Amino acid sequence: MENGTEPDGEERPPGFQETTITEGAARIVFPNANEVFYNPVQEFNRDLTCAVITEFARIQLAAKGIQIKVPGEKDVQKVVVDLSEPKEDKAELKEGANLALEDQPRTAAVGEICEEGLRVLEGLAASGLRSIRFAREVPGLRSVVANDASARAVDLMRRNVQLNEVAHLVQPSQADARMLMYQHQKASERFDVIDLDPYGSPASFLDAAVQAVSEGGLLCVTCTDMAVLAGNSGETCYSKYGAMALKSRACHEMALRTVLHSLDLRANCYQRFVVPLLSISADFYVRVFVRVFTGQAKVKASASKQALVFQCVGCGAFHLQRLGKASAASGGRLKFSAACGPPVAPECEHCGQRHQLGGPMWAEPLHDLEFVGRVLEAVSANPGRFHTAERIRGVLSVITEELPDVPLYYTLDQLSSTIHCNTPSLLQLRSALLHAGFRVSLSHACKNAVKTDAPSSTLWDIMRCWEKECPVKRERLSESSPAFRILSVEPRLQANFTIRDDANPSSRQRGLKRFQANPEANWGPRPRARPGGKAAGETVEERRRLLQNKRKEPVEDPAERAAWLKTFPCKRFKEGTCQQGGQCCYSHSPPSPKATAEATPTDCPEAPSQNPAEPGAATGPGTE
């Protein structure tokens with residue numbers, strides 16, 4: 001990154017600074033003030049999107065007889081000819097090559113307008129980085145519309161488009177993304193690719209998106225509201241996505257399935273349905289790539305693709321209940337009917353606890369393994385194309401090893417902590433399941449995941465056998481606890497924990513970068529961009545420093561504590577209700593703009609504090 005200013009004829013306020021960033025083949029500038037959103041941790045997201053759209057373009061344009069040319073990829077046809085033909089046939093080869101020049105397929109290169117290529121829309125473009133990268137890295141594009149509702153963002157987009165010399169491909173647009181997509185519902189005006197990466201939930205954009213994408217088009221959606229999707233607020237998840245989220249060890253995969261359910265549900269309203277190509281849970285977000293098709297007959301099958309989840313609150317065992325049932329009828333037709341249930345008793349068969357009900361969620365495969373294999377092959381053959389190519393290879397390799405027809409998963413620590421025993425190794429548990437005749441795999445969403453088609457009763461039998469090798473002190477267990485009730489039953493299956501060769505997945509043996517370490521300090525979601533915003537980094541860091549350990553490390557010296565509390569404004573004084581006057585332990589002076597941004601408003605105590613804080617008491621203003 002480089003800091004500085006670039007004169008372009010536009011007047012800048014005093015002290016105005018900009019940052020120049022290079023990512024992939026794009027180079028963008030954006031203000032240090034938090035007016036336009038940018039998060040460097042999302043580079044993996046943008047790299048993966050470029051790889052997916054490239055393969056999608058390859059498939060779509062190949063049907064039209066157009067071959068795309070990606071920088072760094074080798075010409076496969078030339079390699080095959082050089083290696084397979086003998087030297088004496090070179091003269092004949094040259095003649096044949098000259099004759100075949102007229103029959104060669106049309107090509108589409110990066111940075112060039114392809115008249116029969118893809119029309120791309122980035123609904124919330126911010127600085128325009130993603131759209132510019134599409135124009136400079138993805139071949140076979142007809143146009144890219146980079147849209148944002150912020151006038152400041154659109155101005156910045158225009159500068160970045162000119163800076164990267166892609167004005168012939170990228171068209172900046174200032175509009176509400178929903179209205180823009182609603183205006184392109186006509187079949188001839190739809191976009192082939194729509195990318196939605198909003199700050200928070202994309203729920204308000206999905207209805208317009210499923211109507212504005214072309215037949216068989218690609219819809220790319222990012223959700224960063226993981227607290228909602230992971231079960232912290234089930235009622236909020238229902239209001240946004242039409243499903244109840246549960247707190248579960250498999251919450252990240254459940255989040256993916258909830259988003260896919262929401263997309264399919266909204267598409268069904270217009271006789272359309274979705275087909276997932278790739279669904280990723282990474283860092284602090286989920287990302288799905290789906291194709292959208294139209295077909296009344298196929299829409300009828302959507303109910304049988306959704307399922308409710310019954311999850312035990314004690315042991316975590318889960319069962320799925322499909323919403324609909326599809327059965328074969330005469331003449332090769334499918335007959336659809338309501339499903340029968342529930343699949344569980346009022347109390348859990350293992351621990352006697354109650355069940356929670358979640359969903360509906362998508363119960364079909366999350367990925368198109370053939371398409372994932374194409375993306376993986378392209379990234380592996382051209383590793384220098386993306387900065388995060390190593391991580392893309394690792395994640396996609398784990399995805400190709402996942403069981404496609406097994407929704408959700410258990411985790412090693414969940415199984416062992418339920419019965420309070422030592423945790424078996426990943427290879428031991430996988431080997432026991434394989435010896436028992438079941439399939440098992442990892443999940444890209446969790447490094448300790450155990451995804452298996454074995455029923456929960458088999459899993460608990462295996463854990464009972466493991467507990468016999470690592471005994472638990474039964475006298476310490478409550479008779480009503482899940483651990484006591486599970487261990488009080490003798491296993492019907494004798495588990496074999498001998499390590500099998502096929503228990504170690506290929507991605508693990510090759511040491512691929514499957515699960516991302518923390519990319520940088522204080523990484524994660526960034527503050528929302530605001531008009532005229534202050535420099536985000538400094539303000540956030542100062543606020544973190546001020547509030548760090550405010551409850552864990554109380555100030556012992558009364559004088560220091562009093563001076564520290566005076567740095568916070570009194571909320572009641574601001575409202576005109578503080579009765580303490582000069583005896584108030586908080587500040588009654590008008591707060592400066594900087595102090596207002598850094599400090600947290602606090603209620604004044606009933607009486608002035610004269611004593612040092614007690615250990616464990618809240619010493620700072622408010623509570624977290």
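**Walking through the model**

User: Start with Phe284 and Tyr285: buried or exposed?
Analyst: Phe284 is buried, and Tyr285 is buried as well. Buried means under 20% relative accessible area, exposed means over 50%, and partly exposed is in between (1.4 Å probe, protein chains only).

User: What should I know about the model itself?
Analyst: This is a predicted model, in which local features need pLDDT of at least 70, side-chain atom pairs count only at pLDDT 80 or more, and totals for chains, interfaces and linings use all residues. Residues are numbered from 1 along each chain as its sequence is written, and side-chain values use heavy atoms, with hydrogens and water left out.

User: How many helices and strands are there in the protein?
Analyst: The protein has 22 helices and 20 strands. Helices (H or I, at least four residues) and strands (E, at least two) are DSSP runs, numbered from the N terminus. Of the 624 residues, 49% count as buried.

User: Back to the rings. How many aromatic pairs does a search of the whole structure find?
Analyst: The search finds 4 aromatic pairs. In one of them, the ring centres of Phe284 and Tyr285 are 5.4 Å apart and the planes are at 75°, so this pair is edge-to-face. Rings of Phe, Tyr and Trp (its six-membered ring) pair if their centres lie within 6.5 Å; planes under 30 degrees apart count as stacked, over 60 as edge-to-face and the rest as tilted.

User: And Trp466 with Phe497, how do their planes sit?
Analyst: Their planes are at 65° and the ring centres 5.3 Å apart, so that pair is edge-to-face too. Trp466 lies in helix H16 (residues 456-469) and Phe497 in the loop between helix H17 (482-487) and helix H18 (506-509), so the pair ties together parts that are 31 residues apart in sequence. Trp466 and Phe497 are both buried.

User: New topic. Where do H1 and H13 meet?
Analyst: Phe44, Asp47 and Leu48 in H1 meet Arg391, Ile392 and Val395 in H13. Contact means heavy atoms within 4.5 Å. Arg391 lies over the face of Phe44, at 4.1 Å from the ring centre. The cut-off there is NZ of Lys or CZ of Arg within 6 Å of the ring centre and within 35 degrees of the ring normal.

User: At what angle do the axes of H1 and H13 cross?
Analyst: The axes of helix H1 (residues 43-62) and helix H13 (residues 389-401) cross at roughly 70° and come within 10 Å. Axes are lines fitted to C-alpha atoms, for helices over the stretch in contact, and angles run from 0 to 180 degrees between N-to-C directions. H1 and H13 are therefore roughly perpendicular to each other. Angles under 35 degrees count as roughly parallel, over 145 as roughly antiparallel, 65 to 115 as roughly perpendicular and the rest as oblique.

User: What about helix H4, how many of its residues are buried?
Analyst: In helix H4 (residues 129-137), 8 of the 9 residues are buried, so the helix is largely enclosed by the rest of the structure. Among them are Arg130, Ile132 and Phe134.

User: What does Asn160 contact?
Analyst: Leaving aside neighbours within four places in sequence, Asn160 is in contact with Arg27, Ile28, Val29, Ser127 and Ile132. Asn160 is found in helix H5 (residues 151-164) and is buried, with a relative accessible area of 0%.

User: Last one: which peptide bonds are cis?
Analyst: A cis peptide bond joins Gly341 and Pro342, with omega about 5°. The bond from Gly359 to Pro360 is also cis, with omega near 0°.
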